[in-house]
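Please read it alongside the sequence and the structure shown here.

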Amino acid sequence: MPDIDGQLFISFLNDDNQDALEVLFNKYRDGLILFLYGYVQNADIAEELMMDTFAILASGTSRYKEKDGASFKTWLFAVAKNQALLYLRKHKIKFVSSAHDFLNNVEADACFHPVGILLKNETDAQVYRAMKSIDADYRNALFLLYFENMKPEQISRIIKKSIKQTYNILARGKEALRVAYERMRDSHLAGEG
């Protein structure tokens with residue numbers, strides 16, 4: 001089955017079809033911002049990195065090639081991840097993999113930033129709050145699995161791990177998320193009682 005998004009991007013590159021890039025931008029913008037936020041912990045920077053990712057696409061400096069098992073979405077998120085890691089390296093920010101302030105400012109930013117707007121849905125907000133207490137590797141893999149509907153094979157390409165390692169990360173992440181979510185729910189219920 002052909003990758004429609006990949007064909008749209010190729011159409012943009014070959015035919016200078018601006019509408020194709022706009023469709024891709026509108027489709028992936030919010031998901032990329034949330035994904036990048038997991039790395040940089042700042043909504044403004046995440047939005048800038050998303051724009052940088054699309055600037056790379058628009059310039060054609062990074063080429064997508066249709067391959068079996070490698071979708072445009074997988075390639076796009078890998079480009080975005082590389083932008084985040086480049087930013088972190090450039091600014092000498094260490095990517096922390098603990099329960100460090102993931103989304104602590106999102107609730108305050110809700111009226112002003114796209115990330116906050118995305119968290120309007122209370123169920124998603126609860127899951128995100130639980131996710132902030134789990135390891136960053138688990139968090140990023142689960143985000144790609146649940147919120148971007150990627151397959152483990154696609155995730156493995158983005159996080160640059162083997163399929164077996166990816167399955168292990170996902171299994172451990174699911175368990176860590178379940179424990180964190182139950183702990184959060186139990187403390188919320190105790191606060192009401």
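Helices are DSSP runs of H or I with at least four residues, strands are runs of E with at least two, and both are numbered from the N terminus. The model is predicted, so local features need pLDDT of at least 70 and side-chain atom pairs count only at pLDDT 80 or more, while totals for chains, interfaces and linings use all residues. Residues are numbered from 1 along each chain as its sequence is written, and side-chain values use heavy atoms, with hydrogens and water left out.

**Helix 1**

- Just after helix 1, D16 adopts a positive phi of about 55 degrees.
- The expected span of a helix is 1.5 Å times one less than its number of residues. Helix 1 (residues 4-15) has 12 residues and should therefore span 16 Å, in agreement with the 16 Å between its end C-alpha atoms.
- A residue is termed buried under 20% relative accessible area, exposed over 50% and partly exposed in between, for a 1.4 Å probe and protein chains only. In helix 1 the buried residues are D5, G6, F9, S11 and F12.
- The cover over these buried residues includes helix 2 (18-40), helix 3 (43-59) and helix 4 (72-90), where contact means heavy atoms within 4.5 Å.

**Aromatic pairs**

- Rings of Phe, Tyr and Trp (its six-membered ring) pair if their centres lie within 6.5 Å; planes under 30 degrees apart count as stacked, over 60 as edge-to-face and the rest as tilted.
- There are 10 aromatic pairs in the structure. One of them joins F35 and F77, whose ring centres are 5.2 Å apart and whose planes stand at 70 degrees, so the pair is edge-to-face.
- Because F35 belongs to helix 2 and F77 to helix 4, this pair ties together parts that are 42 residues apart in sequence. F35 is buried at 1% relative accessibility, and F77 is buried with a relative accessible area of 0%.
- The rings of F143 and F147 are stacked, because their centres are 5.7 Å apart and their planes lie at 25 degrees. These two residues are four apart in helix 8 (residues 136-147), a separation of about one helical turn.
- F143 has a relative accessible area of 4% and is buried, whereas F147, with 23%, is partly exposed.
- A cluster linked by ring pairs comprises F9, F12, Y28, F72 and W75.

**Salt bridges**

- Side chains of opposite charge can pair when their charged atoms come close. A salt bridge is defined here as a side-chain nitrogen of Lys or Arg within 4 Å of a carboxyl oxygen of Asp or Glu, and by this rule the count is five.
- K27 and D5 form a salt bridge in which the closest N and O atoms are 2.8 Å apart. K27 lies in helix 2 and D5 in helix 1, so the pair ties together parts that are 22 residues apart in sequence. D5 is buried, at 9% relative accessibility.
- R29 and D30 meet through their side chains in a salt bridge of 3.5 Å, N to O. D30 is partly exposed at 28% relative accessibility, and R29 is partly exposed at 27%.
- In the salt bridge between K73 and E148, the closest N and O atoms are 3.4 Å apart. Because K73 lies in helix 4 and E148 in the loop between helix 8 and helix 9 (152-159), the pair ties together parts that are 75 residues apart in sequence. Both K73 and E148 are buried.
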